[in-house]
Each structure stands twice: as C-alpha cells, then as structure tokens.
Amino acid sequence: MCRNIHTLHNFEPRATTAEVEAAALQYVRKISGSTKPSKANEEAFNRAVHEIAHATQHLLDSLVTHAPAKDRDEEAAKLRAKAQVRFGAA
C-alpha cells in the first residue's frame, strides 16, 4: 500500500491538496491494516486522514531547501523508464 506514497517536497509545481490527502490516506490505510474501515471506525479513520494531511501540509510548507525544484514530468518519465526496465513492456 505505501508504495503509492511519493515524495511531495521540492517539486514544481508544488504538491496539490489532493496529492497530500492521497498520501495521508495511504498512510492511514497502511497503519490501520484496512483499505476501507468499518462503519464503527469510519469517523476515526477519516479524522486521522484529515489530521495527517494537515500535518503533512504544514511540514511541506516549513521545509527549506537550496536544491533546485524537480520537474514533475521529468521525474515521472524517469519512473516510467525504471518500470519499463524492471517489468518490461505492458
């Protein structure tokens, strides 16, 4: 599950709210061991996702770097090439 969490810091354009929330959701799914909580746990699950996304956004806003921002398209192309080598043609 956590393989879907990607680095969000130092990219141009910056990470979107949707990307931060998706990372938080994957994190909560991983630590809870559940992709979909029961009705009894749904509120706690959703609250955790919201709080983790909020904390993650604060972290990203606070981080400082002197390295140039990475280009999202270039990084995506590198990942596709790496997957092509690893898994072959689809």
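Modeller: A definition to start with: contact means heavy atoms within 4.5 Å. By that cut-off, what covers the buried residues of helix H1 includes H2. Keep in mind that this is a predicted model.

Biologist: Which residues of H1 are buried?
Modeller: Val20, Ala23, Ala24, Gln26 and Val28.

Biologist: And which residues make up the largest nonpolar core?
Modeller: There are 10 residues in all: Leu8, Ala15, Val20, Ala23, Ala24, Val28, Phe45, Val49, Ala53 and Leu60. Two elements, helix H1 (17–32) and helix H2 (42–62), each give two or more residues to this core.

Biologist: Take Val20. What does it touch beyond four places in sequence?
Modeller: Val20 touches Leu8, Ala15, Ala53, Thr56, Gln57 and Leu60.

Biologist: Switching to the surface. Which residues make the nonpolar patch?
Modeller: Ile5, Tyr27 and Ile31 make a nonpolar surface patch of about 270 Å². Tyr27 lies in helix H1.

Biologist: Why does Tyr27 count as partly exposed?
Modeller: Because its relative accessibility is 38%. Partly exposed runs between the 20% limit for buried and the 50% limit for exposed.

Biologist: Back to H1 as a whole. How far apart are its end C-alpha atoms?
Modeller: They are 22 Å apart. At 1.5 Å a residue, the 16 residues of H1 should span 22 Å, so the two values agree.

Biologist: What happens just after H1?
Modeller: Gly33 takes a positive phi there, of about 75°.

Methods:
Residues numbered from 1 in each chain as written. Predicted model: local features only at pLDDT ≥ 70, side-chain atom pairs only at ≥ 80, totals over all residues. Heavy atoms only, no water. Core = buried A, V, L, I, M, F, W, Y, C linked by side-chain atoms within 4.5 Å. Buried < 20%, exposed > 50% of the residue type's maximum accessible area, 1.4 Å probe, protein only. Helix = DSSP H or I, 4+ residues; strand = E, 2+ residues; numbered from the N terminus. Patch = residues over 30% accessible without salt bridge, like charges linked within 9 Å, V, L, I, M, F, W, Y side chains within 5 Å. Areas by Shrake-Rupley, 256 points an atom, 1.4 Å probe, with all protein chains shown as cover. Salt bridge = Lys/Arg side-chain N within 4 Å of Asp/Glu carboxyl O. Expected span 1.5 Å × (residues − 1).
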